[in-house]
Amino acid sequence: EDDFQFIFCEGCQKELPNLKLLTCLHTLCLDCLSENKPIGQCPLCRTAIPQASGIPDVDNLLFTNLQARLKIYKKVVGGVDLFCDNCKKAGEFWCSECKEFLCTRCFEAHQRYLKMESHKATRVIDIRAGSFKDFLKDTGKTSNLSCSNPTHKSQIVSIYCKKCKRALCCICALLDSHHAPFCDIRSETQRRQEELGTLSQELKQKRSGFEATYAGLKDEATWLERAQREMRELIRQRVEQLVGLIRREEEELLGLVEAGQEQGRRELSRELERVEGVLRRMEAGERLVEKMNLYATEQEVMDMQPFIKDSLEELLQLPVTGDRAQPGDLTECRARLQAL
Ligand SMILES: [Zn+2]
Ligand SMILES: [Zn+2]
Ligand SMILES: [Zn+2]
Ligand SMILES: [Zn+2]
Ligand SMILES: [Zn+2]
Ligand SMILES: [Zn+2]
């Protein structure tokens, strides 16, 4: 029975009648289809559903009938409420044509008096002893077709008209001379099965092409993902490297500014001291010359004048501005900053 999960709705996996077959060959129940969003697409493979209502026209008769048969099988195995559908005695047989349980007496009547010899009724005990697959095999494939003409319902269909592509009973075939050429219905169903088998084989080859494409696309996606990841990492590393370089340059430049400032300050204060000293010497010289002029004796002029004269002449030779670097020279810093 686990092999028969496929007979349920492919959307909700529930056992429900009214299974619809979509053009993509997925099978969905009416519940799934009516809740389906967006309307007009198979929820499993996105193939368009041509009907405006979003509900396909075609029933999955195979799965619906298999579900019905599974229900019968379970009922037989369960053994509860197994009554003859005619007289409500204990049901002993199952006729898959009439879809009825029969007691032994009704079974005999069914076989003889109702002329249903072609109906193959199965013993309930035999069904119970076998698997669902056995049940299907015993009651399944060879069930009789009924004529599409409603007044021939009880007629057995055994003929296929190739012209109108329909199954016919003997009466139809004899009454209407338009029908031809005929063939046996069994050979037609076999031909149709083989046709599907051939198409399926061709599709298998096509499928390997699609699978190769699929694998290729997957590879491409993986490759793209990896390339992007590597590029992101490369950018991150390079930026980190550059930030490091710039930080080092920052430190060096700040160091340069600091050192320049220190040197400038020292030179400036030395120069200040020098100029201050010169000014004081000049003041002293002026004062001494003034006092010499006012109070010196001739003897004192003779003794001191050469010495004073030398000192004043030396003062005259002193440069007005000292020899020192431009204070706080930031030219190099500015150039290196520009080059960053
Ligand atoms: Zn469903
Ligand atoms: Zn689909
Ligand atoms: Zn009965
Ligand atoms: Zn029957
Ligand atoms: Zn007919
Ligand atoms: Zn015909």
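Predicted model: local features only at pLDDT ≥ 70, side-chain atom pairs only at ≥ 80, totals over all residues.
Mentor: Local features need pLDDT of at least 70 and side-chain atom pairs count only at pLDDT 80 or more, while totals for chains, interfaces and linings use all residues. Residues are numbered from 1 along each chain as its sequence is written, chains are lettered from A and ligands numbered from 1 in the order in which they are written, and side-chain values use heavy atoms, with hydrogens and water left out.

Trainee: Which residues belong to domain 1 and domain 2?

Mentor: Domain 1 covers 1-59 and domain 2 covers 206-339, with bounds that come from an automatic or database domain assignment.

Trainee: Now the metal: what are the protein donors of the zinc ion (ligand 3)?

Mentor: They are Cys84 (SG), Cys87 (SG), Cys103 (SG) and Cys106 (SG), at 2.2 to 2.3 Å from the ion; donors are N, O and S atoms within 2.8 Å of the metal (3.2 Å for Na, K and Ca), and since water is not among the atoms, sites may look incomplete.

Trainee: And how are they spaced along the chain?

Mentor: The spacing of the donors of the zinc ion (ligand 3) is C-x2-C-x15-C-x2-C.

Trainee: Is Cys84 buried or exposed?

Mentor: Cys84 is buried, because its relative accessible area is 0%, whereas Cys87 is partly exposed at 36%; buried means under 20%, exposed over 50% and partly exposed in between, using a 1.4 Å probe and protein chains only.

Trainee: What order do the strands of the open sheet take?

Mentor: The three strands run β4-β3-β5 with antiparallel pairing, where strands (E, at least two residues) are DSSP runs numbered from the N terminus and two of them pair if DSSP finds at least two bridges between them.

Methods
Helix = DSSP H or I, 4+ residues; strand = E, 2+ residues; numbered from the N terminus.
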